[in-house]
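Please read them with the structure open.

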Amino acid sequence: FANLDMNYVFEVAKGTVGASLYYAVALDSANSINELEQKDFVLYPNPASDFITIAFDQEKNVKGNLKIVNLLGKVVYESHINEATTRIDINPFASGIYYLIIESSGLNQIQKFVVR
């Protein structure tokens, strides 16, 4: 991964028997692991049953795309974000594990969450 010209790599691999979601995080330079864990947002509650809220730092200019992906790699929700706080109705989602992907400023940030 050292020769990649990106901060994060997101790969969805689908097979013929089933589908699995894989993601790999790669650094293009030798940075500390703490940088990988820093996110520009907080997702709550987690686990959730009715709504999730995504809250960004008030001081940051928030613009980008938001996707929610299930464990099969299917995008189940997609939206553009431009506000510091976004609330999403997850009632239509089946119980299980999902990944929230924020695409902003050329970076992908991923947060796993559970729907009850």
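1. Overall order. From the N terminus, the elements of the protein follow the order β-β-α-β-β-β-β-β-β-β. That gives one helix and nine strands, where helices (H or I, at least four residues) and strands (E, at least two) are DSSP runs numbered from the N terminus.

2. Basis. This is a predicted model, in which local features need pLDDT of at least 70, side-chain atom pairs count only at pLDDT 80 or more, and totals for chains, interfaces and linings use all residues. Residues are numbered from 1 along each chain as its sequence is written, and side-chain values use heavy atoms, with hydrogens and water left out.

3. Surface and burial. The protein has an accessible surface of about 7500 Å², and carbon and sulfur atoms hold 47% of that surface; areas come from the Shrake-Rupley method with a 1.4 Å probe, and for residues only the protein chains shown count as cover. Of the 116 residues, 28% are buried. Buried means under 20% relative accessible area, exposed over 50%, and partly exposed in between (1.4 Å probe, protein chains only).

4. Core. The largest nonpolar core has 18 residues, and I52, I54, L66, I68, L100 and F113 touch the most other members. Strands β3 (41-44), β4 (51-56), β5, β8 (96-104) and β9 (107-115) each supply at least two residues of this core. A nonpolar core here is a set of buried Ala, Val, Leu, Ile, Met, Phe, Trp, Tyr and Cys residues joined through side-chain atoms within 4.5 Å. In soluble globular proteins, nonpolar side chains tend to be buried together.

5. Contacts. A contact means heavy atoms within 4.5 Å. Among contacts with a separation of 6 or more, 50% are between residues 24 or more positions apart. Leaving out residues up to four places away in sequence, L66 touches I54, Y77, E78, S79, I81, I88, L100, I101 and I102.

6. T53. This residue lies in strand β4 and counts as buried because its relative accessibility is 12%. Apart from neighbours within four places in sequence, T53 is in contact with V42, L43, Y44, T85, T86 and R87.

7. Cis bonds. Most peptide bonds are trans. The bond joining Y44 and P45 is cis, with omega about -15°, and the one from N46 to P47 is also cis, with omega near 10°.

8. Aromatic rings. Rings of Phe, Tyr and Trp (its six-membered ring) pair if their centres lie within 6.5 Å; planes under 30 degrees apart count as stacked, over 60 as edge-to-face and the rest as tilted. The count by this rule is three aromatic pairs. Y98 and F113 are stacked, because their ring centres are 5.8 Å apart and their planes are at 25°. Y98 is in strand β8 and F113 in strand β9, 15 residues apart, and both are buried. F93, Y98 and F113 form one aromatic cluster.

9. E83. Is E83 buried or exposed? E83 counts as exposed because its relative accessibility is 51%. E83 is found in the loop between β6 and β7 (85-89), and touches F56 and V62 when residues up to four places away in sequence are not counted. The C-alpha atoms of E83 and G64 are 9.8 Å apart.
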